[in-house]
Number of protein chains: 4
Amino acid sequence: MTKVVNIGIAGAGRIGQRHAKNLLTQIPNAHLVAVADVEKKRAQELAERCGKIRWYEDYEKMLEQKDIEAVLISASTNVHREIIIGAAKKGKHIFCEKPITLTLEETNEALAVVEKARVLMQVGFMRRFDPALASAKKEIDKGSIGKPLVFKAVSRDPEGPPFEYARASGGLFVDSSIHDIDLARWFMGSEVEKVYAEGRVLIYPEYKEFGDVDVALITFTFKNGSLGNIENSRRSGYGYDTRVEIVGSEGTLQVGYLRNRRFLLVNKSGVSHDVVPSWVERFAGAFVHELQHFVDCVMDNKTPLVTGIDGKKALEIALAATTSCQKGISITL
Amino acid sequence: MTKVVNIGIAGAGRIGQRHAKNLLTQIPNAHLVAVADVEKKRAQELAERCGKIRWYEDYEKMLEQKDIEAVLISASTNVHREIIIGAAKKGKHIFCEKPITLTLEETNEALAVVEKARVLMQVGFMRRFDPALASAKKEIDKGSIGKPLVFKAVSRDPEGPPFEYARASGGLFVDSSIHDIDLARWFMGSEVEKVYAEGRVLIYPEYKEFGDVDVALITFTFKNGSLGNIENSRRSGYGYDTRVEIVGSEGTLQVGYLRNRRFLLVNKSGVSHDVVPSWVERFAGAFVHELQHFVDCVMDNKTPLVTGIDGKKALEIALAATTSCQKGISITL
Amino acid sequence: MTKVVNIGIAGAGRIGQRHAKNLLTQIPNAHLVAVADVEKKRAQELAERCGKIRWYEDYEKMLEQKDIEAVLISASTNVHREIIIGAAKKGKHIFCEKPITLTLEETNEALAVVEKARVLMQVGFMRRFDPALASAKKEIDKGSIGKPLVFKAVSRDPEGPPFEYARASGGLFVDSSIHDIDLARWFMGSEVEKVYAEGRVLIYPEYKEFGDVDVALITFTFKNGSLGNIENSRRSGYGYDTRVEIVGSEGTLQVGYLRNRRFLLVNKSGVSHDVVPSWVERFAGAFVHELQHFVDCVMDNKTPLVTGIDGKKALEIALAATTSCQKGISITL
Amino acid sequence: MTKVVNIGIAGAGRIGQRHAKNLLTQIPNAHLVAVADVEKKRAQELAERCGKIRWYEDYEKMLEQKDIEAVLISASTNVHREIIIGAAKKGKHIFCEKPITLTLEETNEALAVVEKARVLMQVGFMRRFDPALASAKKEIDKGSIGKPLVFKAVSRDPEGPPFEYARASGGLFVDSSIHDIDLARWFMGSEVEKVYAEGRVLIYPEYKEFGDVDVALITFTFKNGSLGNIENSRRSGYGYDTRVEIVGSEGTLQVGYLRNRRFLLVNKSGVSHDVVPSWVERFAGAFVHELQHFVDCVMDNKTPLVTGIDGKKALEIALAATTSCQKGISITL
């Protein structure tokens, strides 16, 4: 065990760049030592900006580096399976962006290798590390709202992703609802039993080409008898809006508000303030805290708060929601 | 047509007393002239308090009074049908509390007589007359949030009603959700196409005796392609909490907040304020405005904003939700 | 002592009409029996609207009526003194609008007669009866914020009054700040020791003609060592804005928020809501509660919460603020 | 001009450590190369933590370093004068914490040397760089509230500083109010003409030993005719509370709210949320942005937004407030 964890990043796109910056400047006991990306230029540029660290076009070369203890996988979802397996076989601990893969088969395959290799694996459900959501969880665990009865979440993106991203994303449920689904399991402390989803193409007609929806409502029942629902939208028209409410037998707890800056304008048009522009502002802290947690788990050899199993369970529910939405029936897991 | 509308109240219970007080003190062009209740003492007492007006044990006697132009029906739901029919046959205009009846058959029967008699009928969905909800509707009609895509509502009572009331109420969906259902139709300007509901007994185990639930989630699709959901609870544990959100293509509009008094306490326990204790405080104005609207409609011979048809449509959806919840399938109307 | 208090109103202008309506519809144990106003037509019209009650051009005639137990004085401030004296001499209990008079001499003269006549007198500082301010006072008395250290108030009218009203009003401090001054004494439970005021004509240049200001800041020290300040404006440009904050040794308590309707619009312009349009909406309840209190005090022969002495003390401070503002020095009371 | 600005820090106490961390991790075009502190151990430790950079007991040795272009002065206020003069004479650009010095004489002496040396100087009024306050200023400059008429600020610390710090701080007005005073000048775009202050020892009796107060109210008039007031407290009893309101002829603008985390608990105790615990959380961003601004100004040879003159003007007003409070009279500048 060294006093710093050496990390390599596989995937130098937008989210990889964000993780790189956080590793460099915010996580004292992490050392970003290499970057890999199939786009040579992207790998090279990120490596340059990170203090001229090593870079690779081929992630496998990076995995061969003995000094790298952990790999952060922020490549396209379609290569997650192979990178996870490659990393696990080399004994590297793994931080993998969500969703793990787009199918349960691939996820099962990957997780089997991870388990066998006895490496740590954390999935990028950063919301659990948001200070507000994390303290909400603690508050509930203290009993402040009695027994949790209903989980509710809203997540609306300001704008839909690029067409090609959306097409390859696995769909709204797998790409976006999956964050809310993970929170549902976490907050309710129970597994989902049954899923019913309604979705529509109400904003981006082009989503019909690949059978996706852009607005959706998901209803759950949990094994412990409680209920849940989630609303998702690819485009709010005003900003990033993500809220969670847990309704308990003795109260309710709400996380999320719309104001970004502490600034209120009052004139003859009324009272107004801004909204949170995007997940970048909303979850800036959460992205740092999830990495810190991962690095600390690697250093202390502890199981992360969000494991591969959590990633798999959320995927299973997201896929059930997709099926429910397509077939118009509820799906029992 | 006189300059004041003479009104008789059939049903001198809690809600009847409230309407009586509002008619007396808040509606200048209404004149409360009589009260009927099967409980003689209740009729007598209310009549006394209203300035010694006429009172009847038998509502039919009241309906025979020539000077009465309109009847306000706040008796038990199980006698709504017969009072509506009796009043319509005597040519009295009708204000009827919700739900009109507990079955579609009875409602159809009553509405047929009303239509034939060409009397006005308004149903007591007072929320449409709440200043906040009414201005929200105007704002949406102005296009401030683009095209409405998703309707969302929460209604949580502070405490469940007495056991006997709950047993006879028609169930959570017909008794309580029906208010949110009416708002859904009104705000979305479209009829509901399909309903899916999940409900559970999570608070009052005794509700199982009569097959009701105390917490429920309803999901809708509307004929115009939009979506909706409603959450209801018989007991919040903290107060009365009713909120509506209409999500549009260009924004969202939220009605409802929890603070009752304009008063904020900040000390080492944090920042705190009160909640709205009950529907009495929340909808005090709405109850006045709906009566004023009814009286004005009678005076001007205009169709009320909420008609018997609205009452019937909401009942139909509430019954579909009840069935969906019991059978675990979605119901297409 | 009858079970209902018969009341006559002296002054049928805007505020008198409001009190008349509240007496008629909201105060069960009050009976409005007569109205007096020097403008015959105004007296006649209000009497007509109040159910054809008696009316007088000459308030003295009204005071001669044996059945009248109490007089509500809402005439112009310049005749307050003589009506108070007249009413007291006839043994009528008195509810008088603020300010009692425009000078301490006149107030002293009137209060001496009231005292000698042993009639009850309440002054129209209705804010003490606002549910939010009243519960704030209770909260403070319970010790929720420790010992009160600083009193802060803001009152901004939406628009300045008519020029002629402003000219005869006694000035911003006596006409408007006096409400905040009364709250200061009440909340801090201590008399003001020293006053310093700054005021400017920043909005209505015509106020310079009669030596008044339209924006002002007042600073107090209280005899118990605590501090206070008040900000007043004749025109906010957006609505009616009145807030109070009491800063204590262990916390702070804020009364007042800007939203009038429970309705929030979110679109690409941000989040917005309305403001409180005027004191009519803000203090609608307070106007009812102060009358109910007065009538109850008359019935039970109890001293009102706000007496003539309170009216005099507030006037004394308002006059000191006026002097301080004119001379640029602090005034010790 | 290099592409990175080499900076040395004089003063490795709490605020110096914060600046060091921000320079290291948040300001890409700054390079922290040295640290000086009279306490050898403190200098050594900070240098160690900053990547084993150079450290000095004697700030003068650090100023002799040719590679250092700029000095950040976070030493005790009583040595500011000599460090500023030393740095200026060596041609180093200067970032100096507030207050520049405790007397106008010393400030004038220091600023004269700075001016002669033609080095840049920025004073640590970080609030101007807070995203909320900065956008408020822009909004006002756009005319959203018309002409600014009244400036209002509140700043309450959660707890008073250590006794020895308070004793040497120059007093509440010079140590704490000075931040609000700087905002007043900035927002109103006008110089203060007259100051009146009231202050009391209401919390920490021991402050009487050195003639300071712990609660204060300051009233200003500005040369352009507008008004202002500030409330300060050394101890709120609940958290850090800083708010600014600018009242304009056509509206008002408020900056500041109390909630720290996006999390609301509702149960039978009511609705509650947390408060901002300290200036560390509230102004975390502002501390970064002020340094970035300074470094950018050095690179582009531009005058900073907050200059030595601003530091001096604020000090002058703070000293006038101190005198006013002691003598009980208003002070014209």
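Author: Go to A:Asn301, found in the loop between α10 (284-300) and α11 (308-327) of chain A. Helices (H or I, at least four residues) and strands (E, at least two) are DSSP runs, numbered from the N terminus. Residues are numbered from 1 along each chain as its sequence is written, chains are lettered from A and ligands numbered from 1 in the order in which they are written. This is a predicted model, where local features need pLDDT of at least 70, side-chain atom pairs count only at 80 or more, and totals for chains, interfaces and linings use all residues, while side-chain values use heavy atoms, without hydrogens or water.

Reader: OK, what's the phi of A:Asn301?

Author: A:Asn301 has a positive phi of about 55 degrees, although this residue isn't a glycine. Most residues other than glycine have a negative phi.

Reader: And is A:Asn301 buried or exposed?

Author: A:Asn301 counts as exposed, with 60% relative accessibility. (Buried is under 20% relative accessible area, exposed over 50%, partly exposed in between, with a 1.4 Å probe and protein chains only.)

Reader: What about D:Asn301?

Author: D:Asn301 has a positive phi of about 55 degrees and isn't a glycine either. You'll find D:Asn301 in the loop between α10 and α11 (308-327) of chain D, and at 59% relative accessibility D:Asn301 counts as exposed.

Reader: New topic: which residues does a cis peptide bond join in chain A?

Author: A:Lys98 and A:Pro99, with omega at about -15 degrees. A:Pro99 belongs to the loop between β5 (93-96) and α5 (104-117) of chain A. In chain B, the bond from B:Lys98 to B:Pro99 is cis, with omega near -15 degrees, and B:Pro99 is in the loop between β5 (93-96) and α5 (104-117) of chain B.

Reader: Why is the pair of D:Tyr240 and D:Phe283 edge-to-face?

Author: Their ring centres are 6.3 Å apart and the planes stand at 80 degrees, so the pair counts as edge-to-face. D:Tyr240 sits in the loop between β10 (227-233) and β11 (241-248) of chain D, and D:Phe283 in the loop between α9 (279-282) and α10 (284-300), so parts 43 residues apart in sequence are tied together. D:Tyr240 is buried, at 5% relative accessible area, and D:Phe283 counts as buried at 1%.

Reader: Back to chain A: which residues do ring pairs link into a cluster?

Author: A:Phe163, A:Tyr204, A:Tyr207 and A:Phe210.

Reader: Last one: where is B:Phe125 found?

Author: In the loop between β6 (121-123) and α6 (131-141) of chain B. B:Phe125 counts as buried, at 2% relative accessibility.

Terms used:
Rings of Phe, Tyr and Trp (its six-membered ring) pair if their centres lie within 6.5 Å; planes under 30 degrees apart count as stacked, over 60 as edge-to-face and the rest as tilted.
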